Amino acid sequence: MLKDLTKGNPLKVLLFFALPMFLSMIFQQMYNLADSIVAGNYGGVSSLGAISASTPVVNIFLAISIGGTLGCSVVISTLFGARDYLRMKTAVYTAIISLTIVAFICTLVGIFICRPLLEMLNTPSSLMDDATIYLEIYIFGFFFLFIYNIANSIFTGLGDSKTPLILLIISSVSNIFIDILFANIFKNVVVGVAWATFITQGIASIVSMGLLIIRIRNFKVEGKYPFFNKKILKDMIRIAIPSIIQQSIVSVGQLMVQSLINSYGVETIDGYATAIKINSMAIMSINTLSSSMSSYTAQNMGVKAYDRIKKGYFAMVGLSLVLMSVIVAIVLLFNKEIINLFLQAKEGENLNKVIDVGKQFLITVAPFYLTVTVKIISDGTLRGAGKMTPFMISTFVDLIVRVAFSYIFNNSLGFSAICWSFPVGWIVSAIIALTFYIIWQKKNISNKSIKML
């Protein structure tokens, strides 16, 4: 069902639009979490470490996928909000064609560079072979993940957050059962869970794209529309490239920090990797809410409902802080239990050290999820309005501060430097993002003189 985000109470509209997206993120994260949990319990710390070592590389490709589809979503949302349905349909097909080509190219490139990237990160030799195999299979299936994200972003741009949720629930639950099945069938647990994810993501992408095309064809418009438009593509690229860079910056920062982590040994790698998955799930939940705010802002920009954007911003910040408070409480109270889901020690493996490393990271960063929430929601609002430079600046600052803090204080603080680099980066970037939003609001929304960049 397509949702018009330009009408109704902003809080109520955002709640019913964002909540399915929030739940979708939870189930999407279950793909990678299921791989890690099954690998850790069936193959021990070494199998978990192999998957964990590949995670920073996986995140780079995900950054391209998420950033690229965000650009399409904003343009489609704006046209949908403006009731320009003819150009909207052209925008949908332009997005599908363009991003499919990008997905194919990324898959080809990724297959050839995955092992060199792992070597660059100083991945321990004991993990290298399994990490490479897992990464190769994952990248081979990246095309399907990209296709799914394309469909998901277009559904979101059209105000439909329920269809992606239903598809994700089915595919994520299926992935868990196939993970367990393949972990018992394959001698190499890492290979088994990789192929399980490949299969379930492939099916989900085909079904979601098929449903999207049916939905668009049934959307009645007057007149003929082209399936590709260069001007619309340029509008998408203008938003997509900064979004890709912004997402990639986060991944590059993780890569740079990962090289430090790898120098501490296998137990620290596994403890940090387990904690960073939990952390990423929390951050992705905020990013999902931010994406819903981008769609909301873009649709209201289409009808010049500037005051409504301001009301929606405060409603989304409040809603996000409430949800994140619950997540903070869960992480602080049950961090050990959550970490233990991933682990089952084999002979000679120091499970206690793995748990201690994960707990130290989570206890340090979790209280600051509320800080980064303000930053990410502000970024999403500005992105929906087409203001790409401000959130790029705040993200660059986050990267610089985080990496610099980790390396400068690594010798004196050790692993604690990496833990504290996250809150320090979030605090500085949140101040910058909030400042940009306030300036934009006063100059544009209050004066009702907003202009797209």
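Hi everyone. Before we start, some ground rules: residues are numbered from 1 along each chain as its sequence is written, and side-chain values use heavy atoms, with hydrogens and water left out. Because this is a predicted model, local features need pLDDT of at least 70 and side-chain atom pairs count only at pLDDT 80 or more, while totals for chains, interfaces and linings use all residues.

Let's begin with the overall picture. What is the chain built from, helices or strands? It has 14 helices and zero strands. Helices here are DSSP runs of H or I with at least four residues, strands are runs of E with at least two, and both are numbered from the N terminus. Of the 453 residues, 59% are buried. Buried means under 20% relative accessible area, exposed means over 50%, and partly exposed is in between, with a 1.4 Å probe and protein chains only. The accessible surface of the chain is about 17900 Å², and 69% of that belongs to carbon and sulfur atoms. Those areas come from the Shrake-Rupley method with a 1.4 Å probe, and for residues only the protein chains shown count as cover.

Now contacts, meaning heavy atoms within 4.5 Å. Take the contacts between residues at least 6 apart in sequence: 85% of them join residues at least 24 apart. For one example, go to Ser291 in helix H8. Ser291 counts as buried, at 18% relative accessibility. Leaving out residues up to four places away in sequence, Ser291 touches Met21, Leu70 and Arg383.

How confident is the predictor? That's pLDDT, a score for each residue from 0 to 100. The chain averages 79, and 86% of the residues score at least 70.

On to the aromatic rings. A pair of rings is described by the distance of the centres and the angle of the planes. The rule used here takes rings of Phe, Tyr and Trp (its six-membered ring) and pairs them if their centres lie within 6.5 Å; planes under 30 degrees apart are stacked, over 60 edge-to-face, and the rest tilted. How many aromatic pairs does that rule give? The count is 15. Look at Tyr272 and Phe361: their ring centres are 5.5 Å apart and their planes are at 85°, so this pair is edge-to-face. Tyr272 lies in helix H8 (residues 266-302) and Phe361 in helix H10 (residues 351-365), so the pair ties together parts 89 residues apart in sequence. Tyr272 is buried, with a relative accessible area of 2%, and Phe361 is buried too, at 0%. Both belong to one aromatic cluster, formed by Tyr272, Phe361, Tyr369, Phe415, Phe422 and Trp426.

Another pair is Phe405 with Phe409, whose ring centres are 4.6 Å apart with planes at 40°, so they count as tilted. Phe405 is buried at 18%, whereas Phe409 is partly exposed at 33%.

Next, charges. Side chains of opposite charge can pair when their charged atoms come close. A salt bridge here is a side-chain nitrogen of Lys or Arg within 4 Å of a carboxyl oxygen of Asp or Glu. How many turn up in the whole structure? Three. One joins Lys231 and Asp235, at 3.7 Å from N to O. Both residues lie in helix H7, four residues apart, or about one turn of the helix. Lys231 is exposed, with 54% relative accessible area. Asp379 and Lys375 meet at 2.5 Å, N to O, and both are buried. Arg402 and Asp398 meet at 3.0 Å, N to O; they sit in helix H12 (residues 388-408), four residues apart, and both are buried.

Last stop, the surface. There's a nonpolar patch of about 1100 Å², with residues including Ile97, Phe104, Phe140, Phe227 and Phe228. Patches are made of residues with over 30% relative accessible area and no salt bridge, joining like charges within 9 Å and nonpolar side chains (Val, Leu, Ile, Met, Phe, Trp, Tyr) within 5 Å. Which helix gives the largest share? Helix H2 (residues 85-120), with nine residues. Phe228 sits in the loop between helix H6 (189-217) and helix H7 (230-262), and counts as partly exposed at 36%.

Thanks, that's my tour.

Conventions
pLDDT is the predictor's confidence in each residue, from 0 to 100.
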